[in-house]
Amino acid sequence: MLDAFTEEQEAIRSFVERLTAKYDRRYWVERATKGESIDELWRELGRAGYLGVTVPEQYGGSGLSLRRLAILMEELAARGVLAGFLVISTAMGAIPIAKYGTEEQKRRYLPALANGSEKFCFAITEPDAGSNSFRIRTLARRDGDQYILSGQKAFITGVNDADHMMVVARTVSADEVTDKREGISLFIVDPKAQGIEKHQMDIRILMPERQFRVFFDGVHLPASSRLGEEGKGLKILFDALNPERITLGALLVGTGRYALGKAVEYAKTRTVFDVPIGAHQGLAHPMAVAKTQLELAALMTHRAAEVFDQGGEAGMYANMAKYAAAEAAIETVDLAMQVHGGSGFTGEVDLITLWPMVRLMRTAPVSREMVLNYIAEHTLGLPRSY
Ligand SMILES: Cc1cc2nc3c(=O)[nH]c(=O)nc-3n(C[C@H](O)[C@H](O)[C@H](O)COP(=O)(O)OP(=O)(O)OC[C@H]3O[C@@H](n4cnc5c(N)ncnc54)[C@H](O)[C@@H]3O)c2cc1C
């Protein structure tokens with residue numbers, strides 16, 4: 001834990017301590033194993049006002065603070081409770097609506113997001129486009145006062161459990177625009193609407209949420225379901241993707257702390273050659289490095305959230321935070337398993353259970369390579385290879 005805790009951090013930390021006394025790691029693992037959502041915990045977060053931290057006060061929240069959400073995620077994860085839906089719904093659903101929604105959209109969605117009665121999922125990835133999101137082919141064709149949505153998405157987390165899906169589509173196909181950044185629009189879609197099919201994917205990661213392929217076959221959407229100006233969705237999109245990177249950074253820092261805490265405890269007591277294994281620098285130094293990397297990643301995550309909250313250009317910070325936190329968490333979980341020897345592979349020690357999740361974060365929601373491409377191009381001004 002960083003020493004200089006602010007009052008705000010302290011309040012969130014003690015709330016999370018009480019909450020996770022009731023809904024602890026064991027509760028989370030049970031739900032995740034069955035693929036069931038953590039509804040009771042979600043409702044308590046809503047009752048305590050924590051789902052409203054990204055919602056302005058006039059719509060039932062406590063003001064748009066990504067920083068508060070990041071601290072909450074970090075503290076939950078540090079106790080082994082990985083609340084991924086906070087990223088998807090509370091960051092990627094609420095923030096774009098709060099910033100770009102019409103008055104009607106804000107009144108319709110934000111109070112329900114703030115009290116936890118409704119959730120959003122987020123759909124951008126397509127099988128053919130992959131990381132090249134400009135090439136998405138899901139098309140929303142204008143037809144009078146509605147749009148007709150056709151196409152498909154892949155890996156959509158929690159669409160089975162969500163009340164609404166934020167869909168990134170093209171209103172003009174990529175071949176028809178001179179500037180690929182044009183023609184992207186976001187839509188708020190009912191996942192149960194006619195013309196939508198969902199097929200669960202076989203993803204082997206311990207988390208309460210499941211992933212789906214989603215097919216849109218001529219889905220009718222009212223024009224009022226579009227978020228922001230038609231074809232100008234890129235700015236809105238990044239005001240969802242940057243918060244995603246930042247809050248996942250926080251989740252990863254917390255997860256790393258959880259794993260390192262276990263490793264340190266074990267290293268103090270496990271004795272193999274007369275002294276506790278933590279006395280061997282072959283283990284002690286990597287643990288010290290892991291601690292350092294996690295705290296550095298925490299600093300960057302908090303910085304990124306502050307820049308976002310102040311309305312600054314958060315892209316560089318968000319990418320660096322996500323990169324640093326993912327690499328630190330991957331190294332830390334791997335090390336924690338090494339410290340535990342063979343026991344590191346048991347369900348009881350509960351470290352191998354974290355591995356797929358932290359490893360995922362080198363690949364998704366944005367891969368390590370695409371993060372580094374961003375920093376190379378936008379921060380260092382290097383030419384682009386693709
Ligand atoms: C468990 C899980 C949950 C997910 N949840 C969601 C969700 O809720 N919503 C959603 O929309 N998506 C979701 N995704 C999708 C995820 O965001 C993508 O898998 C991710 O963005 C990578 O895209 P891709 O799989 O198409 O890989 P690809 O784009 O095909 O990339 C493959 C490899 O090539 C590399 N590569 C590609 N282009 C370059 C380049 N120019 N330079 C260097 N390397 C490059 C990549 O870094 C990667 O290593 C989820 C994925 C998983 C596995």
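1. The side chain of Ser 131 places an N or O atom 2.6 Å from an oxygen atom of the ligand, and a polar side-chain atom of Ser 367 likewise lies 2.6 Å from a ligand oxygen. A nitrogen atom of the ligand is 2.7 Å from an N or O atom in the side chain of Thr 157. A polar contact is taken here as a pair of N or O atoms within 3.5 Å. Taken alone the ligand exposes 980 Å², of which the protein buries 68%; accessible areas come from the Shrake-Rupley method with a 1.4 Å probe.

2. The model is a predicted one, in which local features need pLDDT of at least 70 and side-chain atom pairs count only at pLDDT 80 or more, whereas totals for chains, interfaces and linings use all residues. Residues are numbered from 1 along each chain as its sequence is written, and side-chain values use heavy atoms, with hydrogens and water left out.

3. The ligand is surrounded by 20 residues, the closest being Thr 125, Ser 131, Thr 157, Ser 367 and Glu 369; a residue is counted if one of its heavy atoms lies within 4 Å of the ligand. This shell divides into 11 nonpolar, 8 polar and 1 charged, where Ala, Val, Leu, Ile, Met, Phe, Trp, Tyr, Cys and Pro count as nonpolar, Asp, Glu, Lys and Arg as charged, and the others, Gly among them, as polar. Domain 2 (121–232) and domain 3 (235–379) each give at least three residues to the shell, with domain bounds from an automatic or database assignment.

4. The second largest pocket has a volume of about 210 Å³, and of its 14 lining residues the closest to its centre are Thr 102, Glu 104, Gln 105, Ser 224 and Ser 225. On a 1 Å grid over the protein atoms alone, a pocket is an open set of points with protein on both sides within 12 Å along at least five of seven lines, a cavity is a set where a 1.4 Å probe fits but cannot get out, and lining residues have an atom within 4 Å of a point. Helix H7 (103–115) and strand E8 (226–227) each supply at least two lining residues, and H7 gives the largest share, 4 residues; helices (H or I, at least four residues) and strands (E, at least two) are DSSP runs numbered from the N terminus. The lining of this pocket draws at least three residues from each of domain 1 (7–119) and domain 2 (121–232), and by class it has 6 nonpolar, 5 polar and 3 charged residues.

5. Two backbone details deserve a check. A cis peptide bond, with omega of about 0°, joins Ala 364 and Pro 365, and Pro 365 is found in the loop between helix H11 (355–360) and H12. Asp 274, although not a glycine, has a positive phi of about 70° and sits in the loop between strand E9 (271–273) and strand E10 (275–276).

Key
A polar contact is a pair of N or O atoms within 3.5 Å; within protein, one must be able to donate a hydrogen and the other to accept it, and residues adjacent in sequence count only if both atoms are side-chain atoms. Grid points are joined across faces, edges and corners, and a volume is the space filled by probe spheres set on the points.
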